[in-house]
Amino acid sequence: MADQLESPLAVDVDEAIGRLLLTSSDRSGTPRMIFLSDTTGGSTAEAVILWPNGTPLLADVAHLFEHFGLRVADRDTLPLPPGMSTAAALHKFTFQAPRVSRRRSLSRVSEAFEAQTLHGFEIDDFAKLIVAAGLSWRAIVLIRAASRFVRQAGLGLSESYVIDTLLRHTEFAESLVHYFGARFDPDLDDRDTAVAETVSAVREHLDAATTLDEDRIMRSLESFVTACLRTNWYQTDATGTAKPYASFTLDSSRLALTGPVVPYREIYVYANDVEGIHLRSGAVARGGLRFSDRPEDYRTEVLGLMKTQTVKNSPIVPVGAKGAFVRKNPNITPAEAYTTFIRGLLDVTDNIVDGHTIAPQRTVTYDGPDTYLVVAADKGTASFSDLANNIALDAGYWLGDAFASGGSTGYDHKAMGITARGAWVSVRRHLDELDVDVDTDPFTVVGVGDMSGDVFGNGMLLSESIKLVAAFDHRHIFIDPDPDPARAFAERQRLFTLPGTTWDHYDRNTLSAGAGIWPRTAKRISLSPEAQKLLGVQQNLISPNDLIKAILSARVDLLWNGGIGTYVKASTETHADAADPVNDSVRVDAAHLRCAVIGEGGNLGLTQRARIEYALGGGRINADFIDNAAGVATSDLEVNLKIALDGAVRSGRINHDERNALLSASRRDVADAVLCNSESQTLAISLASSQAPQLLNRHERLIDNLEHTNGINRATEVLPTKKELVSRTQAGLGLTRPEIAILLAQSKNVVQQDLLNSSVPDEPVFAQALSAYFPPRIREQLSEEEIRGHRLAREIVATKIADDLINHVGPGLIYQLDERLGVTTPAVARAYAVVRAVFDIDELWSDAEQRTDVTQAERWNLLRALQHFIEHTASWILRRRPAPLNVEAEIDRYRPSVRELVAHRPHPTTIAETTERLRFLGEVLDLIETARHGGCPVEAAAAIHARTDSVLGLTWLTGRLEHHVTTNWWDAMAAATVRDDLAERHHALVGAILDLDTGGDDQVLV
């Protein structure tokens, strides 16, 4: 729309009436007004107003104009011209007004008055700037949007205070609008000059601030414009009219108001009916959009969720993102609000057409190509995937129905049970390490949720040995002190298959003695002796809230969180720290938990400090971003499979129905891949946890590096302070599982980014990682060119390498090699690729993990020995082989000799034999080089190595070095260096012996 409507001031009443009657037909039903020009010099102003459809209450009119700073002093009714509807009314108003120095101010009041009806302009106290600064109504929308954003960003000052400040600094407000126009008006010719002039004016007016609050307000608004990279402000619809909502893409790091969590980018969408924010931690990011119930601080809500999503997404291609929108108009549906939000996001996202990146029309951009925007369901938007995809398809967005995962052509997470199954991987490992077989051994469970829910319902059907003794959701409390596992399982299964069930639908005939089901609205609940014994309470009458606290604190094997809400905080935290006021009355401290294991199928069930407190007390827990990551991984796979298959559809090799059939047929393969990754990730945490005290120095050094080099905030991530680490060392403790989970995820994120910044993803030797990513059925339908040409091929390769590497060697090794050897992450990845291929690491790892003839402790020892072997051999390659490493050449150099050596030795059957085999393999690369130098078979060099080892007792010495408990980082570095030096001198000795002209191996004496 035009920035202002044509409404010049009239000379007198007659001229005003005449002009009002000449209004175009599209405004004939719109209330409109014209000010009289001979009243603009004093403290009053007069205007003629036409009400086509009747006169509103005078009180309402007076209230409306007070928002402009105009007070109604008088009203005269004017006669209607002939031919006008009798429903219409004409009035002349006299207003008391601030002294108006510019005629255009009153003209713009007229425009704003009409825009209320024509364009939905919201008239509030920001409209005072129209009179005070001569701003247009569109400029007011811009300033209001910016002001609402900076308050979400943490300004901490009321809206009325912001308005009063701007009214004291009207020249700043005007220059801010001009600055925005200079940056983003697509019709501007000399943009550089305009930006330079307007930014100079803005900064000059900033210096006029007289208080700290004024300075904060004005600088935050200036930074909003400066941080803006693109906007839909100047985009128009098919009729040439500006859109009724505004979108702004912001570089969060350039905002004046930043907190401990700073997103990579954020998109702010503003409209009369809805506001929303989408935060992402990288260029390629994904995460859910939620319908927020926190209008005052939805950005704060999303910041915490984005941080969690960032670590949750570490095993998948996109980094973390999160979004939320609030509905400001109760007369629209959540779906309508969501639609506006989605359209706003897409308006500032680039498209891909015929392989070319296309920026949005009439949009000036200050960033590079920005084509990747995917969303997912979240709280309040579970059924909106098809809606989002239809919007994307209507907009011609290149991702089509891959824009929002799930929906009618995607993977139904509840039908797959994938989120619950992924969390159950963690539960199974926890209980297995406690010698509980979840498939055969009955175990007690309390839970958050009900059987109609995806995560809770699917989770409680994953074992027939579950004894669900208590649960609650937002409606009911369920207690069954001693359930029969088989009967209870059948009843839970019945409830799950029926739509819309609650705990109240549970068949009471299947309950054990003393059981009960109560609404949470009950005033008091009478507890049976059996229930009191189960929960460890000694009162027969209890409030629902206290009963829920007792359930959370019950002594059971498993607490299964499948609901929404934060129910556990640390004893050092307040309820405000949990940021979930709805559940303040039922929340408990982690120190009071008596369950052995917690499975976090739902998000944010515990604060991170609560997890750590619980783990330090002996409880077994990972984190929500580990336990429930399978759902995210499934969605990401769906998106990337659709991207690949859509290429095949465009080439004509398959049609759309065949694409959907392939996606459906690959559902099991997708689930298997996702769950396999969950198993690898939880095993990595268990491995690190099993040697946490010994690894503390390494982990401490890694935390320092992540904090100083990679921008990780120790306090935000709730990682131990230096003082806490000293206390842990003195107590013989290491990091807890939740802390290790953070390091694992952040290490993957850092490694992935380092690899993306290198040539590793493009190197042919790593191409297998890309093809293996796709399920067999889909891989068969794609050409090599289509696989290599996937738009996220590099990201997929980097992610898979980082995930596999960190899962096998744990967090901290790469940084240790960097410090000790001065090598980079890509160099370590190449060395690991050589070790993995030469020694068949995957097979060795699988054998160690799946052996049935060992105890749990023996399995940990075997896997740790394998980790040390990988570390030792990768270190050897990095020290001894030329850089940059030619991975394929190195594999060809060593693999044949290694396989020959292994083939001539019996397969190990015992733990001792397997450990000895790994020790031998750790020397093989040196033996191969020594044998080549001496011109003899590798077996001869191996024999001499074994004989000298036996005579000199080097195995004993090496073992002492490997098992040495280091007291600090430098001690660990020294031990590793001595270990390497000892090995090198041993092989030098073998080489010297081989150089002797002895006339035969049997004459070699030591």
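This report describes the aromatic pairs, nonpolar cores and strand pairing of a predicted model.

## Aromatic pairs

The structure holds 35 aromatic pairs. In one of them, the ring centres of Phe248 and Tyr268 lie 6.2 Å apart and the planes meet at 25°, so this pair counts as stacked, the cut-off for stacking being under 30 degrees. Phe248 belongs to strand S6 (residues 245-250) and Tyr268 to strand S7 (residues 265-271), so the pair ties together parts that are 20 residues apart in sequence. With a relative accessibility of 0%, Phe248 counts as buried, and Tyr268, also at 0%, counts as buried as well.

Another stacked pair is made by Phe478 and Trp503, whose ring centres are 4.4 Å apart and whose planes are at 20°. Phe478 is part of strand S16 (residues 476-479), while Trp503 lies in the loop between helix H16 (485-497) and strand S17 (516-519), so that this pair ties together parts that are 25 residues apart in sequence. Both Phe478 and Trp503 are buried.

## An aromatic cluster and charges over rings

Phe248 and Tyr268 also belong to one aromatic cluster, whose other members are Phe149, Phe180, Phe184, Phe224, Trp233, Tyr234 and Tyr366. Over the ring of Tyr366 sits the charged end of Arg183, at 4.2 Å from the ring centre. A further arrangement of this kind involves Arg265, the charged end of which sits over the ring of Tyr264, 4.2 Å from its centre.

## Nonpolar cores

In soluble globular proteins, nonpolar side chains tend to be buried together. In this model the largest nonpolar core has 153 residues, and those with the most contacts inside it are Ile342, Phe403, Phe774 and Phe839. When its neighbours within four places in sequence are left aside, Phe839 is in contact with Leu844, Phe869, Thr873, Val898, Leu921, Val924 and Leu925.

## An open sheet of six strands

Six strands form an open sheet in the order S17-S16-S15-S14-S20-S23, and their pairing is mixed. At the edges are S17 and strand S23 (597-600), each of which pairs on one side only. From one strand to the next, the twist averages 20°.

Within this sheet, strand S14 (residues 443-448) and strand S20 (residues 558-561) pair in the parallel sense over four bridges. Gly447 has Trp560, in S20, as its bridge partner.

How many of the residues of strand S8 (residues 274-280) are buried? Seven of its seven residues are, which leaves the strand mostly covered. In a regular strand the side chains alternate between the two faces of the sheet. For S8 both faces are covered, with Val274, Gly276, His278 and Arg280 buried on one side and Glu275, Ile277 and Leu279 buried on the other.

S8 is joined to S7 by six bridges, and these two strands run antiparallel. S7 and S8 form a hairpin with two residues between them, and Arg265 stands opposite Arg280 in S8. S8 is also joined to strand S11 (residues 319-327), here through seven bridges and again in the antiparallel sense. The bridge partner of Arg280 in S11 is Ala321.

Terms used: Residues are numbered from 1 along each chain as its sequence is written. This is a predicted model: local features need pLDDT of at least 70, side-chain atom pairs count only at pLDDT 80 or more; totals for chains, interfaces and linings use all residues. Side-chain values use heavy atoms; hydrogens and water are left out. Rings of Phe, Tyr and Trp (its six-membered ring) pair if their centres lie within 6.5 Å; planes under 30 degrees apart count as stacked, over 60 as edge-to-face and the rest as tilted. Buried means under 20% relative accessible area, exposed over 50%, partly exposed in between (1.4 Å probe, protein chains only). A charge sits over a ring if NZ of Lys or CZ of Arg is within 6 Å of the ring centre and within 35 degrees of the ring normal. A nonpolar core is a set of buried Ala, Val, Leu, Ile, Met, Phe, Trp, Tyr and Cys residues joined through side-chain atoms within 4.5 Å. Contact means heavy atoms within 4.5 Å. Two strands pair if DSSP finds at least two bridges between them. Axes are lines fitted to C-alpha atoms, for helices over the stretch in contact, and angles run from 0 to 180 degrees between N-to-C directions.
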